[in-house]
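Keep the viewer open as you read.

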Protein chains: 2
Amino acid sequence: MATLSVPHHPPSPAEDAEQLRKACQGWGTDEKALIEILTHRNSEQRNQIRLAYEERYKESIIKRLESELSGEFEKAVYRWVFDPLEREAIIVNVAVKQKIDYRVIVETACVNTPDELLAVKKAYQARFKHSMEEDIATHSTGDLRKFLVGLVGTYRFNADDAVDININLAFSEAKILHDAIVDKAFHHDEIFRILTTRSKAQLNATFNKYKDEFGTSIIKNLSSKTPDEVVTAIHIAIRCFKSPQNYFAKMLRISTAKAEKDENTLTRVIVTRAEKDLKLIKNVYFKRTDVPLEQAVGKATSGDYKAFLLALIGN
Amino acid sequence: MATLSVPHHPPSPAEDAEQLRKACQGWGTDEKALIEILTHRNSEQRNQIRLAYEERYKESIIKRLESELSGEFEKAVYRWVFDPLEREAIIVNVAVKQKIDYRVIVETACVNTPDELLAVKKAYQARFKHSMEEDIATHSTGDLRKFLVGLVGTYRFNADDAVDININLAFSEAKILHDAIVDKAFHHDEIFRILTTRSKAQLNATFNKYKDEFGTSIIKNLSSKTPDEVVTAIHIAIRCFKSPQNYFAKMLRISTAKAEKDENTLTRVIVTRAEKDLKLIKNVYFKRTDVPLEQAVGKATSGDYKAFLLALIGN
């Protein structure tokens, strides 16, 4: 359920490379042409264009675009042209280095399937010559470290593996979570154990049991508590396990809101999801706000950046 | 540097299956024939024999052997016939369930390459319908849990990846480890962070720096401390990171010693290493003890069990 649309008979990578080159030459850049090409090619096609461009013009298209463009538009294009795995590796690396933006790390660890996460970790190692785990561990401390390294480390089940969901276990672990939340014992080892090691299917059974038994969803229960970093990280992990689409729709609501406008998050969500499930996220967004996502993004952005995002949203 | 020797022109899997069948039929089992076949086939050939046997005789060769054999011999054959990945998964599962034998878990996590460990974790999931991390976390507590889940969880670098070894980092982390050991602060978060997330190459640089700076090896420094479970687990991890061959040679010394005879360990080491590096381990063993491994194993065992192990050692 991607929003990305690709022409049935796209030009060859060499032709696309030539058009991109033209758009970058002379006085002023032809942003419209850039947007038209880049936002209508899938990741495999973009990889081939990168290779064709480099072979023909002996320079990196990424570096060229960086020097031609600027501001949020540049950042968004820079994210988009990368291979998705490398892109997520870069996003995590930036998050690790910037005062550790643990929210992005939790999101990456919990939204991706285990095999996707593993591929991102391999891309991270290849690019940064460190493992993701060691960089996260080095830049965090205490319980936040324990939680983040646990989330990133565990190789969980993939959705198509045969997992045994154990209902008794779901009940007993829902109770453990509930007791800890009631006692405000958020840093409890058992919370970390459950969230960092159980399969997503088992966790969702536990969250359902939680609601059945205690009358409120775990998310609501957590929201009413004074958040510190660890509580916020737990909160995000549970939201991502329950429904990445609902989580991302909320991120888009927050990042396009006037008061809290956050281009980093806006760009990240649209660029990383356009080829995956942005159509589903758009639907959730509309249900929750009665405003089409295009309209909200259009209001919150301007210029080439706006045109670029709207093209990816499938306007 | 395996000790396993395989004939240049082995019989077909169907022929082997037939010979095994014959060896199991009638009054009494022909253990000699079983040993002769099973200890001279590599894992791929053994897999094919299993399939050929099952197809032809509509029963599992593993179950058949279990019912024919007994004692330590049965256990050793049972370990050996499995595919190596599945075998390690079973070994870990047994270790998890038996009062948590954390030594075996540390060994598996630290001796295997990251890709091997990942393959073992996938085999574990397929067989036991739980992730290795969740089972370990469920059956352990406190700092031991933290250490074990960290060791098993991190996807480190493989040996052929380009890792940057950072000498300054090796120095500063050697100092952290040394200070913690001097202060007997073995449960320090930083020890866990370093050992569970750094690449093996980086860790070995750190251990070398440790010796250069402080005059004694980290192993010796640790050995002089009163061990609890966590210290023992740290100790084993470091030994396995430094040299699996030295570690296994020591395990063989201990498990064949009269006072501490331990067939489980003896079987595990010989069965898991025969197809990998048992020749190297034999060399280390001889250098350390002046006794050939065959002689020590011969003294410590008897009967079919002895014949089976000696055949795997390459006598």
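A salt bridge is a side-chain nitrogen of Lys or Arg within 4 Å of a carboxyl oxygen of Asp or Glu. Glu134(A) and Arg198(B) form one through their side chains, at 2.6 Å from N to O. This is a predicted model: local features need pLDDT of at least 70, side-chain atom pairs count only at pLDDT 80 or more, and totals for chains, interfaces and linings use all residues. Residues are numbered from 1 along each chain as its sequence is written, chains are lettered from A and ligands numbered from 1 in the order in which they are written, and side-chain values use heavy atoms, without hydrogens and water.

**The interface**

- The rule finds four salt bridges between chain B and chain A.
- In chain B, 31 residues are in contact (heavy atoms within 4.5 Å) with 31 residues of chain A.
- The two chains bury about 2,700 Å² between them, 52% of it on carbon and sulfur atoms. Buried area is the accessible area (1.4 Å probe) that two parts lose on being put together, summed over both.
- Lys129(B), Tyr155(B) and Phe157(B) lose the most area in chain B, together 23% of what that side buries.

**Aromatic pairs**

- Over all chains there are 14 aromatic pairs. Rings of Phe, Tyr and Trp (its six-membered ring) pair if their centres lie within 6.5 Å; planes under 30 degrees apart are stacked, over 60 edge-to-face, the rest tilted.
- Tyr53(A) and Tyr57(A) have ring centres 5.0 Å apart and planes at 55°, so the pair is tilted.
- Phe73(B) and Phe308(B) have ring centres 5.9 Å apart and planes at 70°, so the pair is edge-to-face.
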